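Please look over the model shown below.

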Amino acid sequence: MSDPSSAPAAPFLVLRPGDVPERLEAEGLVLRRWRAAEEGVRYAAIAASFAHLNPWAGWAERLPTEREHAERFARSLAWPNAGGSYSFGIFAADDRTALGMAGLHDRSGGGAVEIGYWCHVDHLGRGVATRAARALTALLAGLPTVDRVEIHCDEANLRSAAVARRLGYRLDRVEAAGVRAPAESGRGMVWVWDCPGRPAA
């Protein structure tokens, strides 16, 4: 659950211009690039879900001020941002109700792209993260430059790991990752989806 707006530039980008559409519709969800006028919508979602996010997200150590959020939001509007990430809002079918956020993080090189996600606290238990991650997995798996898709989460984050497991990702490894949020164990799980027709890592 890292903050893609503050990530360093990726040295070996996998995704090419035009690979990532600004809007996806799947399973009753709309995943799309944030609009400049939605700064308040995004901040309200983060504020409402802060207690839910804080134990697991290093970027949610404290609730940002509205000014701090405005700066982060401005960076998130770039497609991709300077760190090689694409930030999606997850919306209900009405295209207005914010259900969470998702991101594609092109910062690992080696043919890998990471998916990140979180769900608004008011919409937990409805498969929002699973449906969003499934749509992004399908998108990436269809791109010829992507060899594998990854989901990273702390070993103690059972909810996030359940999404990867539910979608058929394999647990590739558990490695020391440091503690960046209060509930983390410091052991990072790396879940992998091997793209058909390309060799497994």
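## Helix H1 and its cover

Helix H1 (residues 39-48) has these buried residues: Arg-42, Tyr-43, Ala-45 and Ile-46. Buried means under 20% relative accessible area, exposed means over 50%, and partly exposed lies in between (1.4 Å probe, protein chains only). Seen down the axis of H1, the buried residues fall within an arc of 160°, so they line one face of the helix. The arc is taken from the directions from the helix axis to the C-beta atoms. What covers these residues? The cover includes helix H2 (50-53), helix H3 (66-76), strand E4 (98-109) and strand E5 (112-119). Helices (H or I, at least four residues) and strands (E, at least two) are DSSP runs, numbered from the N terminus.

This is a predicted model: local features need pLDDT of at least 70, side-chain atom pairs count only at pLDDT 80 or more, and totals for chains, interfaces and linings use all residues. Residues are numbered from 1 along each chain as its sequence is written, and side-chain values use heavy atoms, with hydrogens and water left out.

## Salt bridges

Side chains of opposite charge can pair when their charged atoms come close. A salt bridge is a side-chain nitrogen of Lys or Arg within 4 Å of a carboxyl oxygen of Asp or Glu. How many salt bridges does a search of the whole structure find? It finds 17.

| Pair | N to O distance |
|---|---|
| Arg-134 and Glu-27 | 2.7 Å |
| Asp-172 and Arg-170 | 2.8 Å |
| Arg-173 and Asp-172 | 2.6 Å |

Arg-134 and Glu-27 link distant parts of the chain, 107 residues apart. Arg-134 sits in helix H4 (residues 128-141), while Glu-27 lies in the loop between strand E1 (23-26) and strand E2 (29-33). Arg-134 is partly exposed, at 35% relative accessible area. Glu-27 is partly exposed too, at 43%.

Asp-172 pairs with Arg-170 and also with Arg-173. Is Asp-172 buried or partly exposed? Asp-172 is partly exposed, at 29% relative accessibility. Arg-170 is partly exposed at 28%, and Arg-173 is partly exposed at 34%.

Salt bridges also form a network. Its members are Arg-23, Glu-25, Arg-32, Arg-35, Glu-38 and Asp-95.

## Confidence

pLDDT is the predictor's confidence in each residue, from 0 to 100. The chain averages 92, and 92% of the residues score at least 70. Over residues 4-8 the pLDDT is below 50. Beyond near neighbours in sequence, this stretch has eleven contacts in the model (heavy atoms within 4.5 Å). Where pLDDT is low, the predicted coordinates should not be read in detail.
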